[in-house]
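Please keep the sequence and the 3D view side by side while going through the points.

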Amino acid sequence: MAETNRQLILRNRPKGLLAPGDLELVEAAMPAIQDGQALARVKYLSIDPTMRVWMAHDTYMPAVRPGEVMRAAGLAELAESRHKDFKKGDKVVGLTGMQDYCVIDPAEKRGSFRKVPGIPLLSDTAFLGVLGITGITAYFGMMEIAKPQKGETLVVSAAAGATGSIAGQIGKIHGCRVVGIAGGGEKCKWLTEELGFDAAIDYKQPDWKQQLAAATPKGVDIDYENVGGEIMHEVLGRMNLHGRVVLCGLISGYTKDDPALESFAMVLVKRLRVQGFIVMDYLGRYMEAATHLGKWKMFGKLKDRETIVAGLEKAPEAINMLFTGANIGKMIVSV
Ligand SMILES: NC(=O)c1ccc[n+]([C@@H]2O[C@H](COP(=O)([O-])OP(=O)(O)OC[C@H]3O[C@@H](n4cnc5c(N)ncnc54)[C@H](OP(=O)(O)O)[C@@H]3O)[C@@H](O)[C@H]2O)c1
């Protein structure tokens, strides 16, 4: 086992994208464990847009304070255990933090970890993506809030990302016409040619608004919203009466520290039901989501993709990649 524990420490609250030095790589002493705890080696980190929000201010979780290890979900393998329910070699997912080793203390609620079952044909990283937080976010956003009906039109923004790609495919499984919005031709091609989306709009093209109108001739019944700002404004403008908006994320505002909250006049006029949600409210129903997602994946109805960057020291760069759109599917760092 290593003698020191590399950690990424938050030094400054970023302005815009992360700048060098906002997260500093340090070598700390290896943590010691007490009875009832376990020590785990972090193998993969989930890279999530919400990290940029955690760096900025309190929201549904308190902000990370300068001087603290940067918060992150990850997949870790137990190196040592003094807890009766965990043994060396077990794999777990939970809030590991951006570091090589973390202490697992099941008594601490925020640090609660879930064991990962060894399932043939499933990679460990699937438990951070399609069967992890982003997969179950898409599952509950679609099944509990969107409630897709056959023949309806669903528009998904950030559609080639981890959450959007799964949300759109769940719409297809339920018989919707699915239109994705994503940045660039490669992403759009993946959506239509591999994932079965009916249309994909590259919002970096000057005529994307006309393309969106052409792709949604019967209007939009469900907006699975990951982006906010101008994209959300345009989609809301095409919504049918009594449509549903799954307000999952507003990534276009995260680096501006001014989350885009305009466009709500259209919510009012069109009598739309808009429901914000945080996936943490559904964690108790993880098995329900994982059973459906796993079955759809096994039968080839759901495809997932990962962008994996190697090295803990590359994690700050990986966070920025979410905001420049350099990822397709789930963004992960292999530690
Ligand atoms: N409510 C919840 O509980 C919950 C849980 C998980 C995630 N989320 C939210 O879901 C959304 C997606 O998260 P994810 O983890 O799946 O990330 P992701 O979609 O895999 O990655 C982020 C993507 O957002 C797009 N993007 C970034 N800045 C943009 C901008 N200014 N305009 C348009 N598109 C932009 C980029 O794709 P392009 O190349 O297409 O621009 C990028 O690849 C985020 O808003 C996140 O906060 C919410």
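1. A place to begin is F277, which is buried, with a relative accessible area of 9%; here buried means under 20% relative accessible area, exposed means over 50%, and partly exposed lies in between, computed with a 1.4 Å probe on protein chains only. This is a predicted model, in which local features need pLDDT of at least 70 and side-chain atom pairs count only at pLDDT 80 or more, while totals for chains, interfaces and linings use all residues. Residues are numbered from 1 along each chain as its sequence is written, and side-chain values use heavy atoms, with hydrogens and water left out.

2. How many aromatic pairs does a search of the whole structure find? The search finds five, where rings of Phe, Tyr and Trp (its six-membered ring) pair if their centres lie within 6.5 Å, and planes under 30 degrees apart count as stacked, over 60 as edge-to-face and the rest as tilted. In one of them, the rings of F140 and Y282 have centres 4.4 Å apart and planes at 10°, so this pair is stacked. F140 belongs to helix 2 and Y282 to the loop between strand 13 (273–276) and helix 8, so the pair ties together parts that are 142 residues apart in sequence. The elements named here are DSSP runs, numbered from the N terminus, with helices (H or I) of at least four residues and strands (E) of at least two.

3. Y282 also pairs with F277, this time edge-to-face, at 6.2 Å centre to centre and with 70° between the planes. Y282 is itself buried, with a relative accessible area of 13%, and F140 is buried too. Y139, F140, F277, Y282 and W296 form one aromatic cluster.

4. W296 leads on to helix 8, in which Y286, A289, A290, L293, G294 and W296 are buried. Seen down the axis of helix 8, the buried residues fall within an arc of 165° (taken from the directions from the helix axis to the C-beta atoms), so they line one face of the helix. These residues pack against strand 7 (114–115), helix 2 (133–146) and helix 3 (162–173), with contact meaning heavy atoms within 4.5 Å.

5. The length of helix 8 can be checked as well: at 1.5 Å a residue, its 13 residues (286–298) should span 18 Å, and the end C-alpha atoms are 18 Å apart, which agrees. The expected span is 1.5 Å times one less than the number of residues. Just after helix 8, G300 takes a positive phi of about 75°.

6. Which residues touch the most other members of the largest nonpolar core? Of its 58 residues, these are L23, I47, M98 and I319, and the largest share of the core, six residues, comes from helix 9 (residues 315–324). A nonpolar core is a set of buried Ala, Val, Leu, Ile, Met, Phe, Trp, Tyr and Cys residues joined through side-chain atoms within 4.5 Å. Leaving aside neighbours within four places in sequence, I319 is in contact with L18, L23, I47, M51, M55 and M98. Another core, of 46 residues, lies apart from this one and includes I166, V178, Y286 and A290.

7. Two charged side chains deserve a look, given that a charge sits over a ring if NZ of Lys or CZ of Arg is within 6 Å of the ring centre and within 35 degrees of the ring normal. K115 lies over the face of F86, at 5.5 Å from the ring centre, and R305 lies over the face of W190, at 5.3 Å from the ring centre.

8. T153 has its place in strand 8 (residues 153–157) and counts as buried at 3% relative accessibility. Setting aside neighbours within four places in sequence, T153 is in contact with R177, T216, G219, V220, D221 and I222.

9. K147, in the loop between helix 2 and strand 8, has a positive phi of about 45° although it is not a glycine, and at 41% relative accessibility K147 counts as partly exposed. R271, in the loop between helix 7 (264–269) and strand 13, has a positive phi of about 50° and is not a glycine either; at 52% relative accessibility, R271 counts as exposed.
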